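Reader: I would like to know what stands behind the labels used for this model. Please set each value against its cut-off.

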Amino acid sequence: MIAEKETAMIKLYRHPLSGHSHRVELFLSLIQQDHELVEVDLLTGEQKTTDFLKINPFGKVPVIADDSNEGVVIADSNAILVYLARRYAKNTWYPDDPDISAEIQKWLSIAAGDINNGPATARLVTVFGAAYDPEQAKTIAYGLFDVLEKHLTGRAWLADANPTIADVAAYAYIAHAPEGDVSLEPYPAVRTWLARIEALPGFIPMQKTAVALAA
């Protein structure tokens, strides 16, 4: 792990090729929240070491430790997004309106479901050699994108008239779907939505796989 800075309020334990980690890193940047990145080497199994399991017994990234809130530790990318939005973003990214918040929750569930089982899993196969069925993952991905294309036709964002944590949660694995041999070419509305996210002030990209593997 990299050295930890004493001045950082929030520590984000992450891996640069993890889309789940990128969700949190992106949101922290979008809301201009000071934070420190703590690298966890997934390729060597650092997430399963005794020291890391003390932070997250499930042995996964991302995890945040918020020193400004009595050192509270939160795991799971979507749970972290909800926490950060409620605590630091004054509900602008997760409005109190019950209709909007329910719509956001729906997309968070989709991020944990079809996005994870589709484009994210397809990418795990091609990039990391994970032992999943690539054709099943691609079938799920294309089914999801068919629905997403219709949903985004004529609207700017997933859950509201403004960007929300739903868009943040969905972004990384959809943007990097081509790394899993899943094409975005048939989906112009999806590609426009991705570009819209990338144009937000504070946007930061996830590290590209080819660059990382060549380094």
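**Labels and the values behind them**

Author: The model is predicted. In it, strand β1 (residues 10-14) and strand β2 (residues 35-39) pair in the parallel sense over five bridges. The bridge partner of I10 in β2 is H35. Between β1 and β2 the chain passes through helix α1 (residues 19-30), in a right-handed β-α-β crossover.

Reader: How do you know that β1 and strand β3 (residues 63-66) pair?

Author: Pairing needs at least two bridges. β1 and β3 have four bridges, in the antiparallel sense, and I10 stands opposite D66 there.

Reader: What makes β1 largely enclosed by the rest of the structure?

Author: Five of the five residues of β1 are buried, so the strand is largely enclosed. I10, L12 and R14 are buried on one side, K11 and Y13 on the other.

Reader: Why is the pair of F27 and W93 called edge-to-face?

Author: Edge-to-face requires centres within 6.5 Å and planes over 60 degrees apart. F27 and W93 are 5.4 Å centre to centre with 80° between the planes, an edge-to-face pair. F27 lies in helix α1 and W93 in the loop between α3 (77-88) and α4 (98-128), 66 residues apart.

Reader: Why is Y83 counted as buried?

Author: Buried means under 20% relative accessible area. Y83 has 15% relative accessibility, so Y83 counts as buried.

Reader: What makes R196 a charge over the ring of W157?

Author: One condition is that CZ of Arg is within 6 Å of the ring centre. The charged end of R196 is 5.9 Å from the centre of the W157 ring and sits over that ring.

Definitions and conventions: Residues are numbered from 1 along each chain as its sequence is written. This is a predicted model: local features need pLDDT of at least 70, side-chain atom pairs count only at pLDDT 80 or more; totals for chains, interfaces and linings use all residues. Side-chain values use heavy atoms; hydrogens and water are left out. Buried means under 20% relative accessible area, exposed over 50%, partly exposed in between (1.4 Å probe, protein chains only). Helices (H or I, at least four residues) and strands (E, at least two) are DSSP runs, numbered from the N terminus. A crossover is right-handed if, with the strands pointing away from the viewer, the path from the first strand over the helix to the second runs clockwise. Rings of Phe, Tyr and Trp (its six-membered ring) pair if their centres lie within 6.5 Å; planes under 30 degrees apart count as stacked, over 60 as edge-to-face and the rest as tilted. A charge sits over a ring if NZ of Lys or CZ of Arg is within 6 Å of the ring centre and within 35 degrees of the ring normal.
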